[in-house]
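Please read them with the sequence and the coordinates open.

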Amino acid sequence: MSSLIEDYALLSDLETAAMLGRDGSVEWLCLPRFDSPACLAALLGTPDNGFWRVAPRGAEGPCSRRGYRHDTLVLDTEWETPSGRVRVTDFMPPRAQFPCLVRIVEGLSGEVTVRSELRLRFHQGRVVPWTRDDAERCQVAVAGPDAVWLGADGPVADRGGDDTTVADFTVPAGRRLTLTLAWTPSHRTTAPGVLCVPADTALKETGDFWRHWTAQCRYQGPWRDAVVRSLITLKALIYAPTGGIVAAPTTSLPERVGGTRNWDHRFCWLRDSAFTLSCLLRSGYREEAGAWLGWLVRAVAGDPVHLQTVYGVAGQRLLPETEAPWLPGYEGSAPVRFGTAAMDQRQLDVHGEVLDTLCLSLQAGIDVPPHVWSLVKSLMGHLQTHWQEPDQGLWQTRGPARQFVHSKVMAWVAADRALRLGALLGAEVPGSWRVMRDQVRAQVCRYGWHSRLRSFVQSYGSDRLDASALLLSAHGFLPARDSRMRDTVHALRALEHGGFLRRHTPDDGHEAASVACSLWYADALAALGEEGRARDTFERVLSVRNDLGLLAAQWDPAAGRQLGNAPQAFSHVALVGTAFTLRDLPRPSR
């Protein structure tokens with residue numbers, strides 16, 4: 001509706017997610033999966049596009065306080081009113097059969113009248129469902145393939161009107177009432193069993209699930225709370241049935257308010273795969289790392305000619321991009337997009353991402369499929385023929401293809417990791433792979449280096465700086481303290497914006513800073529021995545998380561606000577990586 005991006009909390013059942021504002025309003029919910037059509041979409045439009053608010057009747061503003069329960073994704077939101085104090089506890093139990101969102105309203109002092117307003121709009125905030133009473137304290141709304149059920153475990157005074165279900169109820173101190181919203185296919189004629197689960201049971205099981213999961217975290221250090229919250233966020237973005245990890249649970253939150261760079265991030269990008277796997281392994285989450293690898297290997301199966309940079313949560317390839325003119329967009333940022341044209345882009349860096357992930361998995365002792373060597377040979381056979389061609393690059397530019405330096409470096413990574421995989425598997429390695437690796441390195445060092453800027457640049461023949469150059473040493477292309485890397489890191493200070501780092505030289509000066517790039521910068525500074533600047537950069541990023549520890553894709557220092565889809569998995573992966581980097585720096589000898 002008009003909340004800042006950082007005003008939203010995340011709820012998840014490991015198959016989909018809800019975004020909940022400070023005012024108690026759920027304004028984004030896709031059912032039954034992350035990539036399903038939204039049934040609550042006010043985040044990208046107006047209240048007419050769907051919301052569910054539970055708050056004291058007459059309360060117009062934000063809550064008094066809120067916070068996740070320790071090491072969980074259970075959210076407590078409190079309001080203080082003239083008549084008393086009330087708490088709403090929101091959570092999504094890990095999926096058993098059907099998704100549900102539970103909202104427990106509890107009186108803390110005095111007596112508070114609470115209002116629930118539910119306005120469902122199926123098919124991306126557009127279709128008004130038919131609503132009927134199904135049984136005592138239960139309603140069902142149906143449109144097309146979807147049915148959403150709303151149940152209460154106590155008496156409420158409900159009424160319908162203006163295509164909205166409104167229920168008022170009063171909670172004195174010590175009394176509770178629970179509202180549960182659940183989805184089923186519309187052909188199902190009976191209410192789902194989750195509506196009958198006692199609230200106390202659902203709450204305890206959900207809290208126990210998250211606390212048991214977070215107890216496995218191996219990070220011990222000065223930023224443990226931030227790391228654990230980032231790992232919980234990453235876990236929340238994993239589609240549990242397949243292991244795929246969505247980049248974010250939202251679409252079309254803008255990179256610039258009022259602009260057109262509004263993308264759908266409810267899919268799984270291969271470019272994030274190796275960093276994500278490393279993050280999970282270092283943190284102690286081998287099961288999730290193995291599931292992510294399994295998803296990746298299934299998704300890329302087939303002719304490498306058809307390798308994509310992005311796939312759906314189930315590994316699906318067809319993600320056609322469409323626009324939704326009935327949604328005005330977040331703060332008027334149009335168009336709103338569903339699906340992604342990136343599936344058709346040529347991005348040669350993904351070969352390196354896949355092979356790097358396979359190599360890291362094998363080195364970590366994760367089971368890899370028996371046909372892995374056939375996959376390696378297939379990917380390398382294609383890449384050897386095409387690595388010198390231009391592509392759209394890491395940032396998925398929609399202009400002409402170019403010879404992006406990062407893409408070439410990832411071609412080097414592909415050859416390097418293929419050679420390592422051959423050694424690990426005891427396989428016979430074609431000599432042409434070593435020749436290709438040397439050719440790529442020589443070409444990048446010749447054409448990707450700008451002698452006047454003393455830096456690697458975005459593409460051959462360009463004078464544009466690009467933060468992806470920070471990854472050259474992380475990938476092993478050059479030593480971190482190579483003079484060219486040192487010069488590049490220092491040159492990239494030109495991308496600083498309010499103490500953060502932009503992705504690249506902006507086209508018009510209005511590019512916001514990237515959270516992940518700012519953290520890569522901290523890693524690079526640490527590798528150069530500039531620990532003080534590295535820590536300052538990291539702490540600066542920590543300071544712009546929202547009150548719940550969540551980060552979007554970008555930060556605008558001028559406006560002092562988060563931008564882009566949120567919460568962004570890659571931002572949280574980078575945060576965890578930098579926390580490990582800084583913790584593990586050698587201590588000076590005394």
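1. T537 lies in helix 13, residues 531–543; helices here are DSSP runs of H or I with at least four residues, strands are E runs of at least two, and both are numbered from the N terminus. The model is a predicted one, in which local features need pLDDT of at least 70 and side-chain atom pairs count only at pLDDT 80 or more, while totals for chains, interfaces and linings use all residues. Residues are numbered from 1 along each chain as its sequence is written, and side-chain values use heavy atoms, with hydrogens and water left out.

2. Is T537 buried or exposed? T537 counts as buried because its relative accessibility is 4% (buried is under 20% relative accessible area, exposed over 50%, partly exposed in between, with a 1.4 Å probe and protein chains only). The T537 side chain comes to 2.9 Å from the backbone oxygen of R533. Once residues up to four places away in sequence are set aside, T537 touches S518, Y521, A522 and L525 (contact is heavy atoms within 4.5 Å).

3. Helix 12 spans residues 515–527 and packs with helix 14 at an angle of about 15 degrees, the axes being 8 Å apart. Axes are lines fitted to C-alpha atoms, for helices over the stretch in contact, and angles run from 0 to 180 degrees between N-to-C directions. Helix 12 and helix 14 are therefore roughly parallel to each other (under 35 degrees is roughly parallel, over 145 roughly antiparallel, 65 to 115 roughly perpendicular, the rest oblique). Their crossing is left-handed, meaning that the near helix is turned anticlockwise from the far one by less than a right angle; clockwise would be right-handed. Helix 12 contributes V515, A516, L519, W520, A522, D523 and A526 to the contact, and helix 14 contributes F570, S571, A574, L575, G577, T578, T581 and L582. By class, the contact of helix 12 with helix 14 has ten nonpolar, four polar and one charged residues. Nonpolar covers Ala, Val, Leu, Ile, Met, Phe, Trp, Tyr, Cys and Pro, charged covers Asp, Glu, Lys and Arg, and the others, Gly among them, are polar.

4. How do helix 5 and helix 6 pack? Helix 5 (residues 286–299) and helix 6 (residues 349–363) have axes 11 Å apart and an angle of about 140 degrees. That angle makes helix 5 oblique to helix 6. The crossing of helix 5 and helix 6 is left-handed. From helix 5, L293, L296 and V297 meet V354, T357, L358 and S361 of helix 6. In this contact of helix 5 with helix 6 there are five nonpolar, two polar and no charged residues.

5. Helix 6 also packs with helix 7 (residues 372–386), at about 155 degrees and with the axes 11 Å apart. Helix 6 is therefore roughly antiparallel to helix 7. The crossing of helix 6 and helix 7 is left-handed. On the helix 6 side are H351, V354, L355 and L358, which meet V372, L375, V376, L379, M380, H382 and L383 of helix 7. The contact of helix 6 with helix 7 has nine nonpolar, two polar and no charged residues.

6. A9 belongs to strand 1, residues 9–12. With 0% relative accessibility, A9 counts as buried. Beyond its neighbours within four places in sequence, A9 is in contact with A18, M19, L20, R66, Y68, L75, L548 and L550. A9 and A566 are separated by 557 residues in sequence, and their C-alpha atoms by 9.5 Å in space.

7. The bond from A566 to P567 is cis, with omega near -15 degrees, and P567 sits in the loop between strand 28 (561–563) and helix 14 (569–583). The bond from A334 to P335 is cis, with omega near 5 degrees; P335 sits in the loop between strand 20 (322–323) and strand 21 (337–338).

8. Which value does phi of Q124 take? Phi of Q124 is near 65 degrees, positive in a residue other than glycine. Q124 is in helix 1, residues 122–125, and is buried at a relative accessible area of 9%. S252, likewise not glycine, has phi near 65 degrees. S252 lies in the loop between strand 17 and strand 18 (268–269), and counts as buried at 0% relative accessibility.

Conventions
A polar contact is a pair of N or O atoms within 3.5 Å; within protein, one must be able to donate a hydrogen and the other to accept it, and residues adjacent in sequence count only if both atoms are side-chain atoms.
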